[in-house]
Each structure stands twice: as structure tokens, then as C-alpha cells.
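Trainee: Before we start, I would like to learn how to read a model residue by residue and then as a whole. Could we go through it feature by feature?

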Amino acid sequence: MPNYVYFLLAVAALIVGYIIYGGIVTRVFGVQPSRATPAQTHADGVDYVEMPVWKVWLVQLLNIAGVGPVFGPILGALWGPSALLWIVIGTIFAGAVHDYMSGMLSIRYGGANVPTFVGYNLGSAAKQIMRVFAVVLLILVGVVFVAAPAALLAKLTPSALNLTFWVCVIFAYYFLATIMPIDKIIGRIYPFFFFFLLFMAFGLLAALLLNPQYSILPNLRPADFFTNLNPKGAPLWPLLFVTIACGAISGFHATQSPMMARCMRSEGQARLMFYGVMIAEGVLALIWVTIGLSFYDGDPAALMAAGTPAVVVSKASEGLLGGLVGGTLVFLGVVILPISTGDTAFRTGRLILADVLRFEQDSLGRRIVLAVPLFLLGIYFAVGDFTAIWMAFGWTNQTLACVSLWAAAVWLRRRKRLHWVATVPALFMTAVCGSYLFYFDKFPFRWPMTASVCMGLAASGLCFALFLARGGRMPEGDEAKF
């Protein structure tokens, strides 16, 4: 069997997962297409704005598809084809479920942000912690997604337009996108961003298929899917499951789904907008793992020796497409991906602060008041150690996914629905994050692997025990209506 069939089977598995498991999750939640959405009950012309189905889908995809489904899968490819397996399984049974539940819970709670719907289900203490946690994550995302595209643009443009210049330009755009009505900037320019996204991913994939110098997943053996091929022997557990985040499961998405939950016309669109968009991101992640391995002859050691993910993207673009036009368009696509996530990260941070302070956002001046401190913190973090910021982002991101999944599991259990669709991925990711926290050498614990895994399993078990003991109690009052 030719090796490109493995890639096609992985894509087909994601599509089948959307049709079958996506349908199961939708029925478990209990969608009500005729129920009024927040865009109709809270319309304000700024954040609660009805938008066409195609535009909501595009914005949601670009919101969540930062450098995660590009850089993360390239780094994940260092472990070999097992990265493809995790993307398929993680996307169908964890990431897409997480995104769907986050989006639907936001809709049911009137367009609420992640700390609010977490608080309704896990308690007021969790709500307060999540408010701080979510804002910190969003600032980190904004900072990470300033540095990466600025560095790429500085490499692409004349030397006079250096890194500092592009950082300032990107921050200025982020600020405007944060304070302006969502349909004035984001809703208008994202369709153009989508063109670059498609050209980048599928243009490179087509070039890989048509270029006789390369082949899809060369030297791949079926056993490699279950083998750790990392050149430095870095453990697959838990590092792979944190490294590939946005292409399999990402807590950041829980902060973004409410933004589009405020723009949807019907709950019946939720499967396409949340579960379906995550499936689309999984396809992007599969493409980049495949490119990372195929361009370097299926050798993770050669991929590691090539340099950073940004360098891999640049070399692959030039090598596969060649020429100024093709290479530049692909390169710009990689620049646009993080920018189209960083802008909505700061915007969501403003919305969470507005909820915390109960500060109406009907006027431009009020939005500026909340945006300024967010950007001052962002600029402060931007001049720090980028590696430390990226590591903190990775763990914080996946931990937020755990919390969101536990909130969804509680919501389902209280209504006597099949909570296991959320509980199982919550258990798995809690064990991952616990193990990562105690093992990774950039964090203070730095325990041996066995001890770290035991701590991760203990954290997962503790959460499950609390879930069984307290997760089935339906609180009194209006919450029971949702």
C-alpha cells in the first residue's frame, strides 16, 4: 500500500468522525434549533451581532487556527507518525467535543465567557480562578502571536522594516480589532485571510504530491505509528499531547467559541461551527505533520536539524513551490494564521474583563478603557523570555481545556445525559497536564518520569472523585433552566 494512503485515511477518519461522532455529541447535548440565540436576545451591534453562516465559520476557524496547527504539528512530527494518530483521535474524541461543548454552553448561558459557564458548573471559586487564568492565557496568546508573525515578516521584508517595526504594526492592528465592532474589521478582512490559509496548506500539499523529488510519508512502516522516533529520546507521554495542541485539543478554543456563539442565528448551526471547525483544523494539522516528515525524507532527525518550525515552513515553501509569488503567498499564509488569532485573543480578554467589572461596552471610550491595560501587560510580556512564555502558554492552554471539559461533564451529568463524551477526554487531559507539570524541565518540579506520571494519574483520579461526589447536584434557581 503506498504511504500516501495513510494520510488519506487520516483525513477520511476525521470526516467520518464529524458525521458519526459529531452527530452523537449533538444528540447527547440536546440542541434546540428553534431556541433564541444570544445574537437575538442580547443584540448590541458590537459583540452580539448576527452574521451569515459562512462568515461565522470562517471567523471561528481563523480564531482558533493560529500557529498551533502549523508550528505544533511540525514539532510533533519529531516523534514520527504517532503525531498523525494523536491528531485523528484527539480531534474527534477530545478537541471537537471540547469546542462544541464550550460553544453550546456559552449559547445556553446567554453568550457567557468561559469563566462564567465554568462557574455555573464547577462553583464560584472555580469561576474566580478561571477569570484570572483565562485573561493570563489570552495575554500570553496575544504575545506569542505577535512575536512569531513579526519575526517571519522581518525575514520576508527589507532590513529597514525590522522586528520592532512589525511588532508595533501588529500590536496596532490588534488594538483596533479589539475595540471596533466585530463586523467592521474582523468580519470584513477574515475572508481574505481565509484565502491565504487555504493556499498555504493545500498549495503545499498539492506541490508535495506533484513534485517527483518528494513522496508522501516516505520510509513509513505501520509499526512507526506506535513507536517513539524522537531523535533526542524525548518521551512521547506527556510531551506530544501538549506540543500538538491546536491540531488536537486546545483550551484556548474555549475562550474563542463564545465570541461566535454571540453571532449565530440558530443552535442548529453549532455542530458545523464548533465541532466541524475543529475537524477542519485537524486536517490542517495533518497536512503540516505530513509536510514536516515528507520534506525531510520521513526522518525526524533531519527535521530537527533543519531548525525552528518557522525555518521549516520557509524551506518547505521555497523548496516545494519555488518562485517569488508561490513562496511569498504561502509564507504570508503562515503569518496570517497567528495574526488572525492574536487579534481575537485580546478582544476576548476585553470581554472577560467587562463581565468581571460589569462594565458596559456600548461606547468606544469604554472599550478603550479596558483594552489599554491588556495591551500594556501584553507589551510587558513581549519583552520577556519567549521560550518561557511559550512553555507557560502550552501548559496553561491544555489545563484550560481540562477545566472546560469537566464543566461540560458536570452540565451533562446534572441532566442525566451521557456525560462520558466529556468525562473521558477530561480524565485523559488531566493526566497529561499533571504529568507535564511535574516532569518538564522548564518548570520548577523536574521530577523523574515515573513520579510525574503517578502525579498526573493522581490528579486525574482526584478530579474524577470530586466529579462523582459533587458533580451530579443540580443547583436551585434559574441555572436549572439552561
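Trainee: Where is Leu 217 found?

Mentor: Helices here are DSSP runs of H or I with at least four residues, strands are runs of E with at least two, and both are numbered from the N terminus. On that reading, Leu 217 sits in the loop between helix 9 (186-210) and helix 10. Although Leu 217 is not a glycine, its phi is positive, at about 50 degrees. This is a predicted model, in which local features need pLDDT of at least 70 and side-chain atom pairs count only at pLDDT 80 or more, while totals for chains, interfaces and linings use all residues. Residues are numbered from 1 along each chain as its sequence is written, and side-chain values use heavy atoms, with hydrogens and water left out.

Trainee: Is Leu 217 buried or exposed?

Mentor: Buried means under 20% relative accessible area, exposed means over 50%, and partly exposed lies in between, with a 1.4 Å probe and protein chains only. Leu 217 has a relative accessible area of 3%, so it is buried.

Trainee: What is the phi of Lys 416, and where is its place?

Mentor: Lys 416 is likewise not a glycine and has a positive phi, of about 55 degrees; its place is the loop between helix 17 (386-414) and helix 18 (420-439). Lys 416 counts as exposed because its relative accessibility is 78%.

Trainee: Which residues does a cis peptide bond join?

Mentor: The cis peptide bond joins Trp 237 and Pro 238, with omega at about 0 degrees, and Pro 238 has its place in helix 10 (residues 236-243).

Trainee: How would I read Gly 456 in helix 19?

Mentor: Helix 19 covers residues 449-470, and within it Gly 456 counts as buried because its relative accessibility is 0%. Leaving aside neighbours within four places in sequence, Gly 456 is in contact with Thr 430, Ala 431, Gly 434 and Ser 435. The C-alpha atoms of Gly 456 and Thr 430 are separated by 6.9 Å, although these residues are 26 residues apart along the chain.

Trainee: How many disulfides does a search of the whole structure find?

Mentor: A disulfide is a covalent bond between the sulfur atoms of two cysteines; the search criterion is a pair of cysteine sulfur atoms within 2.5 Å. The search finds zero disulfides in the whole structure. As for individual cysteines, Cys 263 counts as buried because its relative accessibility is 0%, whereas Cys 168 is partly exposed because its relative accessible area is 49%.

Trainee: What does the secondary structure of the chain come to?

Mentor: The chain has 19 helices and zero strands. Its radius of gyration is 21 Å, close to the 23 Å that the globule rule gives for 482 residues, so the chain is as compact as a globular protein of that length. The radius is taken over C-alpha atoms, and the rule is 2.2 Å times the number of residues to the power 0.38. Of the 482 residues, 59% count as buried, and residues 24 or more positions apart account for 84% of the contacts with a separation of 6 or more.

Definitions and conventions:
Contact means heavy atoms within 4.5 Å.
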